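Hi everyone, and thanks for coming.

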Amino acid sequence: MERADKDLAFMLQYENIAWFSDGKVKILDRRVYPRKVEFVVCSSYHDVARAIRDMVTQSAGPYTAAAAGMALAAYESRNESEAKQRDILCDAALCLSTARPTTSRRMSLITRGCLDAAFKAMEAGENVCDSIVRYTVQINDMRYSKVYKMAQYLADMVPTHGTVMTQCFGETIVGQLCRVLKEQGKGDVKFFCPETRPYFQGARLTATVCRDMGMDVTVITDNMPAFVMQKEKVDIFTSAADAICMDGYVVNKVGTFQIAIAAKYNKIPYFVTGAPDKMHSKIDTVTIEMRDPSFTLQAMGVKTAADGVKGYYPAFDITPPELVSGVVTDTGIYTPYDLDRYYKEGNMGEYEMVI
């Protein structure tokens, strides 16, 4: 069966996100990509958790990394008794899923699935590492396929010769949207990507994927979206999300809220992609991660502020439902005020799979 990452951009290939092989996990270092193509090599699941925490991989990358880390935990404990191996795998699941607080509930879906695959392999006398790797590919294939369906619904909202503004790095939806736009005969759609400081994911990751997929893409600084919306006749603003709460609030890379405000003022629809998170019934269940404030005082390693100046660095912000035109899922576009219907219709979400 053909893998779902076929023909997508380099950094969307599973092996180029995070991959377990020969007792190690290698993770593409998105902190330096695309100017450098380097991989961080992890020898333990604690190393994988540290890499996730240190932003070696971002957006949906940590979910693949967490699964790879679970395979590594199985490798590390391969010579232990079954009881001890189960304990180590459970510890790894907790360690990896909580590496970053805002996405811990989604991450737990991945690690829990890996645990289920591992325990079933033990009961069947199968290789636990291989079972987790197979599960990783299966859940990535499932998610990529669901995101492809999201891209089809989102592409329908983009007019011919249209212009799209993004935010941060939407990972799979960026590549799949570019693919679907070409399939729909809209290969001349233009993308504007705010840079997304302080890690510049928009400039380095989103723009690179758009380029690799053959699209017209322009990087702008984070203080340009409102002007560009007016001057360049932007048709839609879109982002993925780190959490879509059941009450319609969207948690995404900091800066999303202000672009959504500018979009509302300019009468431009904002479509967020992803399944709603049933584990976040309300926005107050989300913890906003606060990162090292000194990182805002530099740009790609070059200090920009004077000594003695303070920094402030929330990793995410919160966009209220009144600014969200629609939540684009794998089964259609929902109003942010009716997300319960997604699960009432029997859907499972983006990161969950029955094995």
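Helices (H or I, at least four residues) and strands (E, at least two) are DSSP runs, numbered from the N terminus. Two strands pair if DSSP finds at least two bridges between them.

A word on where the values come from. This is a predicted model, in which local features need pLDDT of at least 70 and side-chain atom pairs count only at pLDDT 80 or more, while totals for chains, interfaces and linings use all residues. Residues are numbered from 1 along each chain as its sequence is written, and side-chain values use heavy atoms, with hydrogens and water left out.

The pairing of S1 with S2 (residues 24–28) is antiparallel, over 4 bridges. Ala-18 has Ile-27 of S2 as its bridge partner. On we go to S3 (residues 39–42), which runs antiparallel to S2 and is joined to it by 4 bridges. Here Ile-27 turns up again, standing opposite Val-40 in S3.

Rings of Phe, Tyr and Trp (its six-membered ring) pair if their centres lie within 6.5 Å; planes under 30 degrees apart count as stacked, over 60 as edge-to-face and the rest as tilted. How many aromatic pairs does a search of the whole structure find? The search gives 8. One of them is Phe-20 with Tyr-75, a tilted pair at 6.1 Å centre to centre and 55° between the planes. Phe-20 sits in strand S1 (residues 18–21) and Tyr-75 in helix H2 (residues 61–76), so this pair ties together parts that are 55 residues apart in sequence.

Phe-20 is buried, at 12%, whereas Tyr-75 is partly exposed, at 28%.

Another pair is Tyr-342 with Tyr-343: the ring centres are 4.9 Å apart and the planes at 90°, so the pair is edge-to-face. Both of these tyrosines are buried, and together with Tyr-334 they form one aromatic cluster.

Rings can also have a charge over them. That counts if NZ of Lys or CZ of Arg is within 6 Å of the ring centre and within 35 degrees of the ring normal. The charged end of Arg-78 sits over the ring of Tyr-75, 3.8 Å from its centre. Likewise, Lys-26 lies over the face of Phe-39, at 4.5 Å from the ring centre.

Next, please find S14 (residues 326–329). Both of its faces are covered: Gly-326 and Val-328 on one side, and Val-327 and Thr-329 on the other, are all buried. S14 runs parallel to S10 (residues 270–273), with 3 bridges between them, and Thr-273 stands opposite Val-328. With S15 (residues 332–334), S14 pairs in the antiparallel sense, also over 3 bridges. There, Val-328 stands opposite Ile-333, and a hairpin of 2 residues joins S14 to S15.

My last stop is the loop between strand S5 (190–194) and helix H7 (201–212), where Glu-195 lies. Lys and Arg count as positive and Asp and Glu as negative; His and the chain ends are not counted. A salt bridge is a side-chain nitrogen of Lys or Arg within 4 Å of a carboxyl oxygen of Asp or Glu. Glu-195 is buried yet has no salt bridge, and the nearest side chain of opposite charge, Arg-197, is 5.2 Å away.

Thr-196 is found in that loop between S5 and H7 too, and is buried at a relative accessible area of 1%. What does Thr-196 touch, leaving aside neighbours within four places in sequence? Contact means heavy atoms within 4.5 Å, and the partners include Gln-167, Cys-168, Asp-222 and Lys-253. Thr-196 and Asp-222 are 26 residues apart in sequence, yet 6.2 Å apart in space, C-alpha to C-alpha.

Technical notes: Buried < 20%, exposed > 50% of the residue type's maximum accessible area, 1.4 Å probe, protein only.
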